[in-house]
Each structure stands twice: as C-alpha cells, then as structure tokens.
Amino acid sequence: MHIELLSCANTRCGIGRYTNELGQHLANTPHQVHGLRKDSPDSRVFDVYPHRSFRNLRHYVAPVYLAKALKSLQADVFLADYVDAASSFFWHVPKQPYLLFTNVHDAIPFMYPTSGIAFNVYRQQLKFAISHSYNILVVSEASKKDLVMYTGIEPDRVEVVHNGINHHMFYPDKQKKKNDIFTIRYVGGLSGAHKNAELLIHAAHTLEQRGLNFNMEIGGGYPENTVLPELVKSLNVQSVTFKGFIPDDELRSFYAGADLFLYPSKYEGFGFPPLEAMACGTATVSSKAGSLEEVLGYGAITVSPESHTLAMAVETVMRQPNLKKDLEQRAVQRASEFTWQKSAEKHLAVFEKALSNVRLQRRVS
C-alpha cells in the first residue's frame, strides 16, 4: 500500500505533531509512506512543498500550494491531517483511482468559532472533506458523537482512532523529587475560550482562601496578551507565576517536576497535555469535558470544569499523600495504553478495510 500524508499545519501545533508522529511510525511498516508538509522536512518520510504565508491568509492559501505539489504524486491512500489539507483536492484531483481520508480531530470550531470568516471557510472545507473522503477520522468517541450531531454525517463513515503519546519523550523521573512547596502546573493555550485558563486563577484564589500553601506555575505563550495577569492582580492572588512558552526540551521536566497537573478545559477532542503529564508520572486533576474523561480514564481525577470543583479536587490531593502517590502510579499505567504504534496500526486497519471494500465493489460491478 502506498500512503501519502498531506498537511498544511506547522509541526509545533497539535495537528502537526499528530502527522509527524504518525508518519514516523507508519514508515516502520512494510508499506510505502511519504508526506508533504510546510516545514521541518524528514528525509525518510516528509518533503516540504514551496509556499508563501501571506501572514493572516496562510491558513487559506496553503491548500493551493499543497495542491500544486500533489500533481506529481500517486498513491493508494491519501490521508489529510485536517480539512484544509483535504481541500487541496478541490484544485487538484489525482487522475488515478485513490482513496482520501481526512482527520477532522474534533468539533471545536462548531462549539467555539473564532470568527465569522474563519468559521465559514472551515464549514466549506469540512463539507468538501466529507463529500470526497471515504472515511472521516476523529481522535475520540466524544469527537465522533459531536461531529455527527453538528454535521449529520452517517456514523458509519466516522472512524475513531486515538492519538498516541511519545513515551521516549514523556516518561517519569526514576525518583520523584520533593518540592519545598506543593507545586501545581499547567501547560496549554491561554487565550482560547475552550481552554478556560481563567479557571486556573479562580481555583488558585479559592485554594489560597482555604489557607493552603502552594505554587501554581502556568506555562503557555504570551500570557501578557491575555486577561490572566490582570485577573491575578484583581483577585490579589499570590501563588501564581507565568512561565511563558515551555520548549519541547524542557517540557518533560516541567511535567515531571510538578506535584500536580491541573487542566480546566471546557472541551478537548483528545487532550495531549494532561495525558503527557500523566506519562511523566504526575498526579492529574482535569476537567471531564469533551474527550477528557474518556481519554484520561482511571489515571486522573476528572470533575466538571468549574473553579470550586477543581479547587476541591486539588485540595483533596494536597491533603492526602497516599492518594497523590496512587494517582501517580495510575497516571503512568493509563498513559502507557496510548502509543503511536497502536494509532498507526489502527490507521492501517481502516485503510486496508476500505481498500478491500473498494476492490470487492469493483469485482461485483
């Protein structure tokens, strides 16, 4: 089987990481695997296609450049890592028979649209992807349920393939270091409405009022461009510090060095940060919204995304050392169930099933 991976995403974002990790693991199978993306070429799997960013228009013009690069390619299966990559087929459809699969990931654009123009472009790209893809892929059962509800797509056409965790990058310390002060950490988006980062500050305020001694360290780019620093001032919260963007080479130690990872999101299609923290052996308290309860499972405490429920769960862990230790052990065990090898195997099973069905249909006709 010849598999072609198509991407308009940068490798530093979640979708870009998905494509990179999946490509590396698919390349370890007997199948022929190649990919096209905008940055960071890997000579074994990916080539970079020429493109111009046009600043704020980069998300809309990238599929046009990808379409140009597609003209010289042939494959049995094309996997678009998002609807924008799938829309490249609008400008160029390969002449030979092919199967297109598109990973939509989640229904966040429907639940938390960023702007009218962006949402309209997304809906058109999604409509095209649904019409031209053999299957739509999503990364959780929760995402499948929501996508079916918002689009009306037949459930049988939506395949759930969980993401994996890079366990060479995320793993526990051999011995958990003891912090002088109980340390709560967060990594993720700070400004998106669904990230719900304001709840971190409100939870810290509640914990301070309860007389608890702790540090809360918030990782994420450009906090100064959000309302969070002003919220800290207005509530006179003393325990919170902003750590800025956490580079990849510091991320594992940031996770592993925390006593507890706190994740307040209102919705996730999968939820990389809390699962990565769990893989690093860190006790985790998270919202149970979207896919989070499904993915984190028995490895974390999951509660409704409200400041008082999150604060109560954190306080429980702080006051019960045995519970914290148990959560650390369960976190590693649960995270170990998600690997990119499993994800690659499931992708291949979806592709092979589709190819088999198509061959059968051709013989019958």
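Analyst: Buried here means under 20% relative accessible area, exposed means over 50%, and partly exposed covers what lies in between, with a 1.4 Å probe and protein chains only. Helices (H or I, at least four residues) and strands (E, at least two) are DSSP runs, numbered from the N terminus. The model is a predicted one, in which local features need pLDDT of at least 70 and side-chain atom pairs count only at pLDDT 80 or more, whereas totals for chains, interfaces and linings use all residues. Residues are numbered from 1 along each chain as its sequence is written, and side-chain values use heavy atoms, with hydrogens and water left out.

The part to look at is helix 10, which covers residues 272-279; 8 of its 8 residues are buried, so the helix is largely enclosed by the rest of the structure. The buried residues are Phe272, Pro273, Pro274, Leu275, Glu276, Ala277, Met278 and Ala279. Helix 10 is followed by Gly281, whose phi is positive, near 80°.

Positive phi values also occur at residues of another kind. Most residues other than glycine have a negative phi. His105, although not a glycine, has a positive phi of about 70°; His105 lies in strand 5 (residues 99-105) and is buried, with a relative accessible area of 7%. Asn236 is not a glycine either and has a positive phi of about 55°, but Asn236 sits in the loop between helix 8 (228-234) and strand 10 (240-244) and is exposed, with a relative accessible area of 53%.

If contact is taken as heavy atoms within 4.5 Å, and neighbours within four places in sequence are left aside, Ser287 is in contact with Tyr263, Pro264, Ser265, Leu292, Thr302, Val303, Pro305 and Leu310.

The side chain of Thr183 reaches the backbone oxygen of Ile181 at 2.9 Å. Leaving aside neighbours within four places in sequence, Thr183 is in contact with Asn215, Glu217, Ala258, Asp259 and Leu260.

As for the chain as a whole, it has 14 helices and 13 strands. Its radius of gyration, taken over C-alpha atoms, is 22 Å, close to the 21 Å that the globule rule (2.2 Å times the number of residues to the power 0.38) gives for 365 residues, so the chain is as compact as a globular protein of that length. The C-alpha trace spans about 70 × 40 × 40 Å along its principal axes. Of the 365 residues, 53% count as buried, and residues 24 or more positions apart account for 67% of the contacts with a separation of 6 or more.

Conventions. Polar contact = N/O pair within 3.5 Å; in protein donor to acceptor, adjacent residues only side chain to side chain.
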